[in-house]
Amino acid sequence: MQKVGFKGRFFPYVLIAPQILITLVFFYWPASQAVWQSFLIQDAFGTRVEFVWFENYETLFSDPLYFNALVVTVVFSTTVAALSLGFALLLAVMADRQIRGARAYKTFLIWPYAVAPAVAGVLWLFMFQPSLGIVAQQLKRMGVDWNYLLDGRQAMTLVILASAWKQISYNFLFFLAGLQSIPRSVIEAAAIDGAGPGRRFWTIVFPLLSPTAFFLLVVNIVYVFFDTFGIIDAVTLGGPAKATETLVYKVYSDGRLGGDLGGSAAQSVILMAIVITLTAVQFKYVERKVHY
Amino acid sequence: MVERRPLLDLMAHLVLLAGIAIVAFPVYITFVASTRDATDIIHGTMPLYPGTDFVANYMGALFQGSQRLRTTAVSTMMLNSLVMALTIAIGKIVISIVSAYAIVYFRFPLRMAAFWMIFVTLMLPVEVRIYPTFKIVADLGMIDSYAGLTIPLIASATATLLFRQFFMTIPDELVEASKMDGAGPVRFFIDTALPLSRTNIAALFVILFIYGWNQYLWPLLVTNSATMDTIVIGIKRMIVTSDAQTEWHIVMATAMLAMAPPVAVVLFMQRWFVKGLVESEK
């Protein structure tokens with residue numbers, strides 16, 4: 001669709017130049033550097049560089065630590081998504097009943113979106129700090145040997161809780177919008193046919209909500225992949241013994257140690273492939289929504 | 001509602017109240033800790049109601065930071081965060097609105113190529129190109145500067161798409177009428193396109209301000225000097241995992257101060273926030 005426009009030979013380029021310049025310098029150049037370096041191996045003294053095709057990728061996939069990061073990421077993202085989506089759906093269904101104060105409830109549920117991941121990490125860290133956290137002490141009184149600094153599973157639980165907590169408001173808002181867009185007439189018709197609230201939810205509301213749920217699932221996975229870096233860095237630093245080291249955290253911590261430029265670049269390229277896949281899935285879904 | 005079910009309504013209230021309590025609990029604990037003195041917290045005997053050290057803790061945090069760890073004062077950190085958040089939000093909006101305007105209202109060679117170039121950046125978040133980007137910023141001498149902190153984050157596919165979408169809905173008649181009155185592209189932009197975009201700008205601003213304020217990975221990489229710490233980075237520096245050096249009462253006051261601006265923006269600009277959130281999701 002072409003709009004009625006203006007004439008100008010150089011002016012449009014002037015308008016678009018800043019954005020293009022920034023994308024070229026800070027997006028395309030580094031991204032292509034990463035792709036190029038992922039095919040190179042540098043010797044120990046940094047004097048010679050050799051082009052090795054896919055050797056870096058082969059090394060990576062046979063590295064148990066990389067496999068570990070992959071498993072951590074998958075477990076982490078599915079648990080956070082399930083936990084946060086489930087909780088948010090429950091709250092959204094309740095807020096969708098036309099009860100008094102629904103708007104106030106909404107206001108009180110959406111603000112955690114604004115809390116920085118790293119700060120969310122600090123809040124949860126404080127509650128679960130083994131020696132002084134109030135929840136940690138309660139757990140100890142109940143006989144749980146709580147020390148997330150030593151126990152990998154506990155560390156994972158803690159970052160999952162903090163990450164899911166932060167994502168509730170986002171999921172809640174989108175579920176609520178999804179619920180409110182379901183035509184009341186369909187629900188009323190079912191009620192007249194004698195379907196109770198539970199039956200109506202599972203046979204009408206839930207299926208109609210599934211596109212929203214699917215969209216949110218993808219968004220949540222992207223969130224866990226990329227935006228939980230701050231939470232992990234604040235709470236566990238990827239430990240203990242790499243129990244909470246996700247793919248993104250591994251790129252960061254490997255690169256900080258320096259050295260293996262090619263391997264680090266290969267990790268980045270794999271992440272790029274993951275983002276591209278997830279974005280494609282998301283867009284395909286959005287296209288479908290248009291036809292609904 | 002289809003039928004009256006007072007019991008279910010009661011249940012809805014209870015579930016929502018419980019939900020709010022669970023969601024608010026970590027922040028409540030943080031607030032309580034930020035009003036108590038160090039010894040209450042260190043011994044793990046902190047009561048669940050606010051203490052009396054509110055003023056002392058917040059003043060200490062704002063003007064001294066964590067003294068034991070010699071961090072920057074939190075007021076400096078907040079200033080850094082504010083500069084970063086505002087520059088990113090305003091920069092993204094300005095850059096995106098003018099490029100969307102060029103793409104919609106001009107025909108020029110490479111127009112679609114430019115559009116796709118901007119679009120693809122959606123798939124290249126900082127996290128996947130951490131070190132190469134860092135190297136470029138270092139080569140350009142932008143480490144430890146506001147420019148290095150903000151400019152690499154200022155391109156925005158989402159905002160450009162949103163403004164493009166919006167400009168497409170402005171009726172052609174408006175453009176024709178302006179042209180008849182002798183207005184050029186700049187006049188039309190200032191007199192018509194910009195004022196019509198007000199609500200979109202407000203909605204985007206809310207989302208982008210939060211995005212900018214909450215940045216973590218990028219500032220962690222490009223700033224070394226403590227005086228450039230943003231509050232989100234600074235709070236992390238105040239916590240030492242292994243020993244008792246951490247001054248928790250100061251950390252908790254800092255956490256409250258780190259949350260306050262973005263949360264206030266969400267609460268006071270709720271309408272724009274919801275709009276921005278829904279629309280920036282492509």
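Because the model is predicted, local features are described only at pLDDT of at least 70 and side-chain atom pairs only at pLDDT 80 or more, whereas totals for chains, interfaces and linings use all residues. Residues are numbered from 1 along each chain as its sequence is written, chains are lettered from A and ligands numbered from 1 in the order in which they are written, and side-chain values use heavy atoms, with hydrogens and water left out.

To the contact (heavy atoms within 4.5 Å), chain B brings 113 residues and chain A brings 99 residues. Between the two chains there are 17 residue pairs in polar contact, both residues being at pLDDT 80 or more. On the side of chain B that touches chain A, helix 1 of chain B gives the most, with 19 residues. A polar contact is a pair of N or O atoms within 3.5 Å, where within protein one must be able to donate a hydrogen and the other to accept it, and where residues adjacent in sequence count only if both atoms are side-chain atoms. Helices, for their part, are DSSP runs of H or I with at least four residues, numbered from the N terminus.

Two salt bridges are counted between chain B and chain A, a salt bridge being a side-chain nitrogen of Lys or Arg within 4 Å of a carboxyl oxygen of Asp or Glu. In one salt bridge, the side chains of B:K236 and A:D233 meet at 3.4 Å, N to O. In another, the side chains of B:D9 and A:R97 meet at 3.1 Å, N to O. This pair crosses between chains, with B:D9 in helix 1 of chain B and A:R97 in the loop between helix 3 and helix 4 (102-110) of chain A. B:D9 is partly exposed at a relative accessible area of 22%, while A:R97 is buried at 13%; buried means under 20% relative accessible area, exposed over 50%, and partly exposed in between (1.4 Å probe, protein chains only).

Over all chains, the whole structure holds nine salt bridges. Within chain A, the side chains of A:K250 and A:D254 form one at 3.1 Å, N to O, and both residues lie in helix 11 (residues 247-257), four residues apart, about one turn of the helix. An α-helix has 3.6 residues a turn, so residues three or four places apart point the same way. A:K250 counts as buried at 3% relative accessibility, whereas A:D254 counts as partly exposed at 23%. Within chain B, B:R237 forms a salt bridge with B:D229, their closest N and O atoms being 2.6 Å apart; here B:R237 is partly exposed at 38% relative accessibility and B:D229 is buried at 2%.

B:I130 is found in helix 6 (residues 130-139) of chain B and is buried, with a relative accessible area of 0%. Not counting residues up to four places away in sequence, B:I130 touches A:V251 and A:Y252 as well as B:L217 and B:L221. B:S96, in helix 4 (residues 74-105) of chain B, is likewise buried at 0%. A polar atom of the side chain of B:S96 lies 2.6 Å from the backbone oxygen of B:K92. Leaving aside neighbours within four places in sequence, B:S96 is in contact with A:Q19, B:S156, B:A159, B:T160 and B:F163.

In chain A, helix 6 (residues 134-141) has A:I134, A:A136, A:Q137 and A:L139 buried. The buried residues of this helix pack against helix 5 (117-128) of chain A together with helix 1 (6-33) of chain B. Just after helix 6 of chain A, A:G143 takes a positive phi of about 90°.

The last stop is on the surface, where A:F67, A:L70, A:V71, A:V74 and A:V75 form a nonpolar patch with about 410 Å² of accessible area together. One of these residues, A:V74, is placed in helix 3 (residues 64-96) of chain A and counts as partly exposed at 44% relative accessibility. Patches are made of residues with over 30% relative accessible area and no salt bridge, like charges being joined within 9 Å and nonpolar side chains (Val, Leu, Ile, Met, Phe, Trp, Tyr) within 5 Å. Accessible areas come from the Shrake-Rupley method with a 1.4 Å probe, and for residues only the protein chains shown count as cover.

Notes: Helices (H or I, at least four residues) and strands (E, at least two) are DSSP runs, numbered from the N terminus.
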